[in-house]
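Hello,

Here is the structure I promised to pass on. Please open it and keep it in view while you read my notes below.

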Amino acid sequence: MPATPATAPAPLTVGFDLDMTLLDTRPGIHATYRALSAETGTPIDADLVVTRLGPPLLDEIRNWFPEDETERAVTRYRELYRDHAFAPTVPLPGAHAAVEAVRAHGGRVAVITGKYEPNAHLHLEHAGLTADIVIGDLWAETKGEALRAHGASIYVGDHLGDIVGARHADALAVAVATGPYGADELREAGADVVLADLTGFPEWLDRHLGAN
């Protein structure tokens, strides 16, 4: 009888969040909210907004606009974003090296983000970061669905919602303390691994893959 062909191992796929994981988007988001406030005459505390990045844009907009104005405000925010957000945004420490580390192991990079997807693509292009997969407009469990669909075994993020997403996908939750939560809070929320920032990710990935 002919030998049964061996099943090829699934390719390594590592998911990354965008805001405050790969990129420090706070200055651009701050500038966009200030522009939206000036244009609409609606008071918005941009300083407060940038301390709680992560949940969907609509959730934040609802804090400042009546319900019947929220969809229009979201649309206008996304338009203004392209004029105000890209130039001041910079990669966080270790972002390029983290992406390169995945590729060095023959892996794919999936950016799974709550960011409006067209703007996520533009952010990555501006920052000189290349991803194999980019999916936007997702949060918590819906991030997990995308991670599972693309076979991601690791998800790297800064928010408690990112840990929820990783758990939903049965992926390893790697948290970086570069967003609104400290290392202890991320551990308590169930992160499997907590790093101060992405500078420690390549070494951790080498160890992790060497042990598997």
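**The sheet**

Six strands form an open sheet, paired in parallel, in the order β5-β4-β1-β6-β7-β8. Its edge strands are β5 (133-135) and β8 (193-195), and each of these pairs on one side only. On average, neighbouring strands are turned by 20° against each other, direction ignored. Keep in mind that this is a predicted model.

Look at the β5 end. Strand β4 (residues 108-112) runs parallel to β5, and three bridges join the two. Val111 stands opposite Val134 in β5. In general, strands of a sheet pair through backbone hydrogen bonds.

Now find helix α7 (residues 141-149). Helix α7 lies across β1 (13-16), β4, β5 and β6 (154-157). Its angle to β4 is about 160°.

**Two helices side by side**

Next, helix α4 (residues 70-84) and helix α6 (residues 117-127). They pack at an angle of about 10°, and their axes are 11 Å apart. Angles under 35 degrees count as roughly parallel, so α4 is roughly parallel to α6. From α4 come Arg78, Tyr81 and Arg82; they meet Pro118, Asn119, Leu122 and His123 in α6. By class, this contact has three nonpolar, two polar and two charged residues.

**Salt bridges**

How many salt bridges does the structure hold? There are 14. Side chains of opposite charge can pair when their charged atoms come close. Here are some to look up.

- Glu60 and Arg52: their side chains meet at 2.9 Å, N to O. Glu60 counts as buried because its relative accessibility is 10%. Arg52 is partly exposed, at 31%.
- Glu79 and Arg76: the closest N and O atoms are 2.9 Å apart. Both residues lie in helix α4, three residues apart, about one turn of the helix. Glu79 counts as partly exposed at 41% relative accessibility, and so does Arg76 at 28%.
- Asp137 and Arg78: the closest N and O atoms are 3.2 Å apart. Asp137 lies in the loop between β5 and α7, while Arg78 is in helix α4, so the pair ties together parts that are 59 residues apart in sequence. Asp137 is partly exposed, with a relative accessible area of 42%. Arg78 is partly exposed too, at 22%.

Salt bridges that share partners also join Asp17, Lys143 and Asp162 into one network.

**One residue to check**

Is Ser37 buried or exposed? Ser37 sits in helix α1 (residues 26-40). Ser37 counts as buried, because its relative accessibility is 16% and buried means under 20%. Leaving out residues up to four places away in sequence, Ser37 touches Thr42, Pro43 and Ile44.

Best wishes

Definitions and conventions
Residues numbered from 1 in each chain as written. Predicted model: local features only at pLDDT ≥ 70, side-chain atom pairs only at ≥ 80, totals over all residues. Heavy atoms only, no water. Helix = DSSP H or I, 4+ residues; strand = E, 2+ residues; numbered from the N terminus. Buried < 20%, exposed > 50% of the residue type's maximum accessible area, 1.4 Å probe, protein only. Contact = heavy atoms within 4.5 Å. Pairing = 2+ DSSP bridges. Axes fitted to C-alpha atoms, helices over the stretch in contact; angles between N-to-C directions. Parallel < 35°, antiparallel > 145°, perpendicular 65-115°, else oblique. Nonpolar A, V, L, I, M, F, W, Y, C, P; charged D, E, K, R; others polar. Salt bridge = Lys/Arg side-chain N within 4 Å of Asp/Glu carboxyl O.
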